[in-house]
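Me: I have a new structure open and would like to learn how to read it. Could you take me through a few features, one by one?

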Amino acid sequence: MANLEGFTAPGVLRLHPYIPGKPVEELERELGIRNSLKLASNENPLGASPLAVASAKQAIDEVNLYPDDMAFRLKNKLAALHGVSFDSLIMGNGSSDVLDMVARTFLQPGVNAVFAEHSFAMYPIFTTACGAECKVAAVNPPEHQSMPYGADLQAMTDAVDENTRIVFIANPNNPTGTWVQAAELKAFIRALPESVIVVLDEAYIEYVTDPEFANGIEWLDEFPNLLVTRTFSKMYGLAGLRIGYGVANPALAGLINRLRHPFNANLLALVAAEAALDDQAFVSQSIANNTTGLKQLIAGFEAMDLSYIPSVGNFISVDVKANGNEIYQALLRKGVIVRPVANYNLPTHLRITVGQEDQNQRALTALAEVLAK
Ligand SMILES: *Cc1c(COP(=O)(O)O)cnc(C)c1O
């Protein structure tokens, strides 16, 4: 037998693969149960945008054809929507694909990427895969007044050194749901050297209702080193189609686009995404459901005397004051799938996606029962 590990890229050897939320089908197969509830992957509980689904259905008969590699129609629509040029856009097979592309464009052994503790799991995975180092900045302490567990931009600035090539920041962040203020974020980016690419991951921005919330796309003219990523997985309910994008200054977007796989955005995803952008009714319903659902979950946590991390996403992380993995397992036996976040260094928290009212109630009741044991 050849010593395969001896030939493996060092970054790949150090990888710990991403652990996704448990699929409903898998749990039901394992336990022989039905009617389980998954609130574990920040999927839209209202389903997919109906306009997107109708478009994808119309296009299904054309899947013998390769998709439009240029994504002409979708990119034109996004360019008009965001007030950016066509060449500013990078299509992705989900926005994770764009995160991978930017990592492979700038990271290699000897350099590093900076991000905050409890950041999205893909940042360390893509950084490590490239053989680069992860520099993890401390976050606000749990007793912080306004934003416990939130990113500490000063600590992130301090972590940047001459070998830093990328700073990743999600706003709001997953799995915490915390956010940074527009003025502070802008000052943070402005103070960084232009040689550092700032990846601003806005996967959940469509759920944020505060009109003052930072929209990084508006800052692209000022920052040639800024890449903003967006996705159709969360608000638009198209997680299963895999489509997202990045927006950056055309020079930066052009570099990243060099290593984009041809046809990475599939034919159904392209037409569905285009239609989803017109589905204002679905967006409004999703925001309304999320806003009331967050309040419902918070009221439930408070009734159980549990603290939670402030969130403006479509999920919230609650401190169950016990071993999170054990509570997660006990909830599974009740057919409720949430997300343990011990792998994010939050061993007593569980992340719960905001569902519909009855789903939130079922999750709260199950949690109360499990904790009462
Ligand atoms: C879900 C998520 C993404 C991207 O998901 P895709 O399905 O690949 O578009 C990116 N960043 C964060 C923080 C997320 O939670």
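**A buried histidine**

Reply: Let's start with His349: leaving aside its neighbours within four places in sequence, His349 is in contact with Tyr149, Ile309, Ser317, Val318, Asp319, Gly324, Pro340 and Val341. Contact here means heavy atoms within 4.5 Å. Please keep in mind that this is a predicted model, where local features need pLDDT of at least 70 and side-chain atom pairs count only at pLDDT 80 or more, while totals for chains, interfaces and linings use all residues. Residues are numbered from 1 along each chain as its sequence is written, and side-chain values use heavy atoms, with hydrogens and water left out.

Me: Where is His349 placed, and is His349 buried or exposed?

Reply: Burial is read from relative accessible area: under 20% is buried, over 50% exposed and in between partly exposed (1.4 Å probe, protein chains only). His349 has a value of 3%, so this residue is buried. Its place is in strand β12, residues 349-353. Strands (E, at least two residues) and helices (H or I, at least four) are DSSP runs, numbered from the N terminus.

Me: How many residues of α11 are buried?

Reply: Nine of the ten residues in α11 are buried, which leaves this helix mostly covered. Among them are Leu268, Ala269, Leu270 and Ala272. The cover includes α4 (50-59) and α5. Leu267 lies in this helix too, and its relative accessibility is 13%, so Leu267 counts as buried. Leaving aside neighbours within four places in sequence, Leu267 touches Ala59, Glu62, Val63, Leu65, Tyr66 and Pro67.

Me: At what angle do α5 and α11 pack?

Reply: Helix α5 (residues 72-82) and helix α11 (residues 267-276) pack at about 30°, and their axes are 9 Å apart. Therefore α5 is roughly parallel to α11; angles under 35 degrees count as roughly parallel, over 145 as roughly antiparallel, 65 to 115 as roughly perpendicular and the rest as oblique. Their crossing is left-handed, meaning that the near helix is turned anticlockwise from the far one by less than a right angle, whereas clockwise would be right-handed.

Me: Which residues make the contact of α5 with α11?

Reply: Arg73, Leu74 and Lys77 of α5 meet Leu270, Ala273 and Glu274 of α11. These residues divide into three nonpolar, no polar and three charged. Here Ala, Val, Leu, Ile, Met, Phe, Trp, Tyr, Cys and Pro count as nonpolar, Asp, Glu, Lys and Arg as charged, and the others, Gly among them, as polar.

Me: How do α12 and α14 cross?

Reply: Helix α12 (residues 280-303) and helix α14 (residues 357-372) cross at roughly 15°, their axes coming within 10 Å. So α12 is roughly parallel to α14, with a right-handed crossing.

Me: How many aromatic pairs are there?

Reply: Rings of Phe, Tyr and Trp (its six-membered ring) pair if their centres lie within 6.5 Å; planes under 30 degrees apart are stacked, over 60 edge-to-face and the rest tilted. The whole structure has eleven such pairs. One of them, Phe120 with Tyr123, is edge-to-face, at 5.7 Å centre to centre and 80° between the planes.

Definitions and conventions:
Axes fitted to C-alpha atoms, helices over the stretch in contact; angles between N-to-C directions.
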